[in-house]
Amino acid sequence: MKLPICELCASSGTLCSGCSAKLADGRLTALDVKISNLLYGMKDKYNLGDADFTKAIDLGRVVLVLTKGDVGKLIGREGKVVAEISQEVGKKVRIAEMSPDVRKTIADIIMPAKLLGINEVFAMTGKLYKVRLPSSELSQIPMDLGSLGNALSSLLDAKVNIVFE
Ligand SMILES: [Zn+2]
């Protein structure tokens with residue numbers, strides 16, 4: 001099982017000095033730790049031995065759970081795994097694949113709305129991404145636009161401008 005914290009921490013519920021340092025400098029969040037502990041505890045029950053949990057992003061109403069592995073593993077049969085995560089964090093949970101192709105990850109996140117494209121813009125203030133969405137599908141985006149903007153900024157590691165066309 002691949003988790004953002006080490007196996008010892010996932011099983012004990014306490015953090016070693018290495019994982020504590022990651023939490024302190026922001027490479028890891030309290031939400032990452034919480035979901036790691038939860039998934040580790042569910043490992044045998046739901047056969048999650050080869051599951052991958054990369055990181056979680058809190059989007060307000062929704063928590064985005066990113067995996068570099070099989071999305072289906074973290075959803076679970078009949079959605080049982082995602083339902084338990086959702087209950088634990090007290091919010092809706094959306095599982096998306098964190099692909100090396102960031103466009104694919106973004107397309108996953110905004111589903112069922114379609115992604116028209118992403119343009120890199122070089123502004124005075126630094127690099128900026130223009131993420132283009134169809135205005136006709138505004139109501140289909142599964143989260144509010146402020147939260148979506150934060151999630152996209154965190155994924156792209158740059159400022160994001162969402163534009164509707
Ligand atoms: Zn650790």
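A residue counts as buried if 20 or more other C-beta atoms lie within 10 Å of its own, as exposed if 12 or fewer do, and as partly exposed in between. Asn47 has 13 other C-beta atoms within 10 Å, so Asn47 is partly exposed. The model is a predicted one.

Asn47 also stands out in its backbone. Its phi is near 55°, a positive value in a residue other than glycine. Asn47 sits in the loop between helix H3 (30-42) and strand E1 (55-58). Glu78 likewise has a phi near 55°, again a positive value in a residue other than glycine. This second site lies in the loop that runs between helix H4 (71-75) and helix H5 (80-89). Glu78 has 8 other C-beta atoms within 10 Å and is therefore exposed. A further backbone feature is a cis peptide bond, which joins Met111 and Pro112 with omega at about 10°. Pro112 belongs to the loop between helix H6 (102-110) and strand E4 (117-123).

The chain is assigned two domains, domain 1 (1-98) and domain 2 (100-165). Their C-alpha centres are 24 Å apart. Domain 1 brings 10 residues to the contact, and domain 2 brings 11 residues. On the domain 1 side, the elements that give two or more residues are E2 and strand E3 (92-97). E3 supplies the largest share of that side, with three residues. By residue class, the side of domain 1 that touches domain 2 holds six nonpolar, one polar and three charged residues.

The interior was examined next. In soluble globular proteins, nonpolar side chains tend to be buried together. Here the largest nonpolar core contains 38 residues. The members that touch the most others are Ile5, Phe53, Val63, Leu64, Val65, Ala151 and Leu152. Strand E2 (residues 62-67) makes the largest contribution to this core, with five residues. Domain 1 (1-98) and domain 2 (100-165) both contribute residues, so the core lies between them. Leu64 gives a local view of the packing. Residues up to four places away in sequence aside, Leu64 touches Ala56, Ile57, Leu59, Arg94, Ala96, Ile109 and Ala151. Ala151, one of these contacts of Leu64, is itself among the core members that touch the most others.

E4 pairs with strand E5 (residues 126-133) in the antiparallel sense, over seven bridges. Within this part of the sheet, Ala123 stands opposite Gly126 in E5.

Notes
Residues are numbered from 1 along each chain as its sequence is written. This is a predicted model: local features need pLDDT of at least 70, side-chain atom pairs count only at pLDDT 80 or more; totals for chains, interfaces and linings use all residues. A nonpolar core is a set of buried Ala, Val, Leu, Ile, Met, Phe, Trp, Tyr and Cys residues joined through C-beta atoms within 7 Å. Helices (H or I, at least four residues) and strands (E, at least two) are DSSP runs, numbered from the N terminus. Domain bounds come from an automatic or database domain assignment. Two residues are in contact if their C-beta atoms, placed from the backbone, lie within 7 Å. Two strands pair if DSSP finds at least two bridges between them. Ala, Val, Leu, Ile, Met, Phe, Trp, Tyr, Cys and Pro count as nonpolar, Asp, Glu, Lys and Arg as charged, and the others, Gly among them, as polar.
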